[in-house]
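Subject: Structure for you to look at

Hello,

Here is the structure I promised to pass on. Please open it alongside this email, and then read on for what turned up.

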Amino acid sequence: MATTTVDTITIDGHNHHRPHQQQQQCGPNYHIRYMTETDVPEVLQIWGDNNLHEGTHTIQSFLKVDPEGFVVAVDDRTGQVLGMCAGVFINPDTGFIGLYGVDPVYQKLGIGLNMWQKIMAHIGDRNAGLYAVPEHLVMYRDRAGFAREDSRQMVLYDGESVRLRDLVKSMDGIRVEPIVGDQLVERVVDYDNRGVHRYSRSRLLPGVFREPDSVALVAVDEYDDQVVGYGCMRTNNIGKAMAGPVYANNDALAELLVYSLIDRFPTAQTRGLLFMTLDSNPGGIRIADKLGLGKQEQLPRFFNKFVYTDAQWDRVYCIHSPNFAIF
Ligand SMILES: CC(C)(COP(=O)(O)OP(=O)(O)OC[C@H]1O[C@@H](n2cnc3c(N)ncnc32)[C@H](O)[C@@H]1OP(=O)(O)O)[C@@H](O)C(=O)NCCC(=O)NCCS
């Protein structure tokens with residue numbers, strides 16, 4: 001993304017969008033521009049200050065795929081990032097809205113809505129979805145036009161430690177190995193496409209597999225040398241491990257992948273783990289239970305035009321990201 005393009009979207013950020021005059025006078029003057037990689041630490045700080053989580057290098061991976069899908073509000077005087085919003089197309093038909101947050105000090109000044117409108121202009125007349133936290137569910141559904149609720153919900157599990165004793169630790173004829181080398185990356189991208197998403201994420205996934213502070217593993221059936229699942233785990237903005245995605249052909253393979261990821265990623269055992277499955281997948285819920293994680297919340301998702309259904313849902317054991325991916 002060219003810096004010049006970033007500058008051209010700068011818009012007036014004075015607080016005259018805010019209906020409450022008293023609060024208008026308290027807010028800083030700001031402008032909205034496209035996010036860059038150097039904004040990410042401040043963005044993750046704001047996200048964490050709102051008790052929300054994302055991987056330390058996940059934003060960078062998605063930013064490369066759809067740079068115009070990320071904006072930040074920036075204080076005119078200090079250059080401080082005040083908030084951010086993303087609406088990313090990784091599928092040509094449907095975008096996903098996430099990372100919508102404002103520094104708690106500067107909330108309720110009109111900054112959020114201003115960024116939101118910029119991102120919705122990027123979505124245009126295409127479809128978009130989002131996960132709704134309970135506090136903002138009514139706002140998204142009744143005011144933002146995200147009225148179509150999916151029957152599937154995301155279940156967020158969390159724990160300070162993990163229990164490995166009940167997980168599948170090995171399977172005859174199945175090899176688990178790191179996703180490295182162009183050929184293997186290509187085969188995993190193909191599995192992700194044909195086996196799960198039904199569209200190619202070839203622009204995204206090679207970067208995801210190379211994210212710093214992360215591990216990416218594939219399960220291969222040695223009998224016919226077929227990819228039968230893969231998974232990633234990374235560090236998040238509060239120093240915990242965060243799984244995602246974990247896609248596999250069956251429950252045992254998914255468990256094997258989760259065990260292998262944790263085995264190679266000590267942060268999960270020393271700092272704890274976040275695991276986000278779908279309520280439609282009993283195998284994903286069973287993995288969270290076996291790990292001894294606690295259910296934190298269950299989040300519905302909403303779409304503005306149509307509910308996105310085209311995927312191999314039974315292979316989704318852990319979603320890729322709560323901010324940038326439908327699953
Ligand atoms: C949600 C959040 C980003 C809104 O930002 P904000 O700057 O505080 O909100 P604003 O001041 O721009 O809101 C102005 C008005 O627009 C409304 N609004 C904000 N975003 C909106 C949207 N996307 N669609 C419709 N209305 C919206 C607000 O409810 C408010 O209405 P009111 O004046 O009747 O109270 C902010 O509250 C936040 O960071 N919350 C914590 C993080 C979070 O929960 N994010 C959502 C995760 S799903």
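How many bridges join S11 to strand S12, and in which sense do the two run? Two bridges link them, and the strands run parallel. Before going further, please keep in mind that this is a predicted model.

Eight of its eight residues are buried, leaving the strand mostly covered. Besides S12, which spans residues 273-278, S11 pairs with S10 in the antiparallel sense over six bridges. S11 also pairs with strand S14 (residues 316-318), again in the antiparallel sense, over two bridges.

Gly244 and Pro245 are joined by a cis peptide bond, with omega about -5°, and Pro245 is found in S11. For context, most peptide bonds are trans.

On the S12 side, Leu274 is the bridge partner of Met242. Is Leu274 buried or exposed? Leu274 counts as buried because it has 24 C-beta neighbours inside 10 Å, and the cut-off for buried is 20 or more. Leaving aside residues up to four places away in sequence, Leu274 touches His53, Leu156, Asp158, Asn236, Lys240 and Met242. The C-alpha atoms of Leu274 and Ala241 are separated by 6.3 Å, although the two residues are 33 residues apart along the chain.

Now for the ligand. Which residues are closest to it? They are Gly101, Gln107, Gly112, Leu113 and Ala144, out of 20 residues that surround the ligand. This shell divides into 11 nonpolar, six polar and three charged residues. Strand S5 (94-102), helix H5 (111-123) and helix H6 (137-143) each supply at least two residues of the shell, and the largest share, four residues, comes from H5.

Strand S5 holds another point to check: Leu99 is in this strand, and its phi is near 55°, a positive value in a residue other than glycine. Leu99 counts as buried because 30 C-beta neighbours lie inside 10 Å. Asp213 also has a positive phi near 55°, and is found in the loop between H8 and strand S9 (214-221). Asp213 is partly exposed, because 15 other C-beta atoms lie within 10 Å.

Two spots among the helices are worth a look as well. In helix H4 (residues 58-65), the buried residues are Thr58, Ile59, Ser61, Phe62 and Leu63. Their cover includes helix H3 (40-49), strands S3 (70-75), S4 (81-89) and S10 (226-235), and helix H8 (205-209).

Further along, the axes of helix H9 (residues 251-264) and helix H11 (residues 282-291) come within 10 Å and cross at roughly 35°. This crossing is right-handed. H9 makes the contact through Asp251, Ala254, Glu255 and Val258, and H11 through Gly283, Arg286 and Ile287. Those contact residues divide into three nonpolar, one polar and three charged.

Enjoy looking around,
A colleague

Methods. Residues are numbered from 1 along each chain as its sequence is written. This is a predicted model: local features need pLDDT of at least 70, side-chain atom pairs count only at pLDDT 80 or more; totals for chains, interfaces and linings use all residues. A residue is near a molecule or strand if its C-beta atom, placed from the backbone, lies within 6 Å of it. Ala, Val, Leu, Ile, Met, Phe, Trp, Tyr, Cys and Pro count as nonpolar, Asp, Glu, Lys and Arg as charged, and the others, Gly among them, as polar. A residue is buried if 20 or more other C-beta atoms lie within 10 Å of its own, exposed if 12 or fewer, and partly exposed in between; C-beta atoms are placed from the backbone. Two residues are in contact if their C-beta atoms, placed from the backbone, lie within 7 Å. Two strands pair if DSSP finds at least two bridges between them. Axes are lines fitted to C-alpha atoms, for helices over the stretch in contact, and angles run from 0 to 180 degrees between N-to-C directions. A crossing is left-handed if the near helix is turned anticlockwise from the far one by less than a right angle, and right-handed if clockwise.
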